[in-house]
Amino acid sequence: MLNGHTLNDNVFTGALIGTELGLDINSIEHIEVVRGPGSVIYGTGAMLAVINIITKDGDYIDGMNFSAGIGSYGKKQTNFSFGRKIGNGFKFSISGLWGDIKGQDLYFKEYNYPDNNYGIAQNLDWDKFSGVMSKISFNNFTVQGMYTDREKGIPTGSWETNFNDPK
């Protein structure tokens, strides 16, 4: 959940918890975990626990934060958040992130044949992701919106695709 709103997908009721979530970690105020089955209250996706991510309000951020970093396998990522409290009870915040991971070459012994590049998937473990989240509050009324985008390379040749094929 994000600020009390369910994020599980409608088909498999799975939660997006990796780079596909597209949420700047610096915009998180705290995380609530309710252990145990909670399907009576939260629906059929709440089998083992319910996790609720609470984001920061505009007055908590009070300005602009920006960070950028690099990491293993050609990872580049930038994050930003901006928030303010204006007047008597009006708060707004916006946060976002962008990331690109080049990945690594992976070896799969079950594909170790000449026509499969001897089991080496080259340049196919990449991940490109981005997301923006905004929240506007006035006293007890809150509106929030979120957009995420992710593209992921699949190096394993799964779902009847050709192994080591960049398409």
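Asn-164 is found in the segment after E9. Helices (H or I, at least four residues) and strands (E, at least two) are DSSP runs, numbered from the N terminus. The model is predicted, so local features need pLDDT of at least 70 and side-chain atom pairs count only at pLDDT 80 or more, while totals for chains, interfaces and linings use all residues. Residues are numbered from 1 along each chain as its sequence is written, and side-chain values use heavy atoms, without hydrogens and water.

Asn-164 is not a glycine, yet its phi is positive, at about 60°. Asp-62 also has a positive phi, near 45°. Asp-62 lies in the loop between helix H2 (58-61) and E3. Asp-62 is exposed, with a relative accessible area of 51% (buried means under 20%, exposed over 50%, partly exposed in between; 1.4 Å probe, protein chains only).

An open sheet is built from five strands in the order E3-E4-E5-E8-E9, with antiparallel pairing. Strands E3 (63-71) and E9 (141-152) are at the edges; each has a single partner strand, so one side of each lacks a neighbour in the sheet. Two strands pair if DSSP finds at least two bridges between them. Eleven bridges join E4 (residues 75-86) to E5 (residues 90-101). Asn-79 has Leu-97 in E5 as its bridge partner.

The lining of the second largest pocket comprises seven nonpolar, six polar and three charged residues. Ala, Val, Leu, Ile, Met, Phe, Trp, Tyr, Cys and Pro count as nonpolar, Asp, Glu, Lys and Arg as charged, and the others, Gly among them, as polar.
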